[in-house]
Amino acid sequence: MTLGVMFAIAAGTYAMRLAGPLLRGRVEFSPELEKLMSIAAIALLGAFAVTSAVFEGSAFAGWARLLGVAVGAVLAWRRAPFWLVVVAAAGTTALLRLAGLE
């Protein structure tokens with residue numbers, strides 16, 4: 001990649017990030033659109049989490065990872081402490097892999 005292209009990408013990235021604070025008070029959205037954007041952000045994050053949990057590259061990641069993520073999700077939904085969610089998810093995945101379930 002040439003140096004000019006790198007600077008162009010950096011300038012474009014900076015301009016897009018700067019546009020948010022500069023346009024915050026000038027652009028107004030309807031309450032319905034704001035609610036829709038909030039829901040869309042949650043759906044996008046959820047889709048990313050599910051895709052990361054189910055696939056590794058283009059192949060199935062295995063049942064151990066999927067069940068570990070499911071245990072973590074249930075604990076997070078029940079508002080367990082973060083450290084417990086992480087330890088339980090990792091422990092579930094490790095124990096299932098130790099038992100031979102990939």
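Predicted model: local features only at pLDDT ≥ 70, side-chain atom pairs only at ≥ 80, totals over all residues.
1. Local features here need pLDDT of at least 70 and side-chain atom pairs count only at pLDDT 80 or more, while totals for chains, interfaces and linings use all residues. Residues are numbered from 1 along each chain as its sequence is written, and side-chain values use heavy atoms, with hydrogens and water left out.

2. Helix α2 spans residues 31-54 and helix α3 residues 63-77; their axes come within 8 Å and cross at roughly 145°. Axes are lines fitted to C-alpha atoms, for helices over the stretch in contact, with angles from 0 to 180 degrees between N-to-C directions. Helices are DSSP runs (H or I, at least four residues), numbered from the N terminus.

3. On the α2 side, S52, A53 and V54 meet R65, L66 and V69 of α3 (contact: heavy atoms within 4.5 Å). By class, these residues comprise 4 nonpolar, 1 polar and 1 charged (nonpolar: Ala, Val, Leu, Ile, Met, Phe, Trp, Tyr, Cys and Pro; charged: Asp, Glu, Lys and Arg; polar: the others, Gly among them).

4. Between α3 and helix α4 (residues 82-98), the axes cross at roughly 155° and come within 8 Å. The two helices are therefore roughly antiparallel (angles over 145 degrees). From α3, the contact draws on A64, R65, L67, G68, V71, G72, L75 and A76, and from α4 on L84, V85, A88, A89, T92, T93, L96 and R97. This contact divides into 10 nonpolar, 4 polar and 2 charged residues.

5. The loop between α3 and α4 contains R79. Although not a glycine, R79 has a positive phi of about 60°. R79 counts as exposed because its relative accessibility is 75% (exposed: over 50% relative accessible area, 1.4 Å probe, protein chains only).

Conventions. Parallel < 35°, antiparallel > 145°, perpendicular 65-115°, else oblique. Buried < 20%, exposed > 50% of the residue type's maximum accessible area, 1.4 Å probe, protein only.
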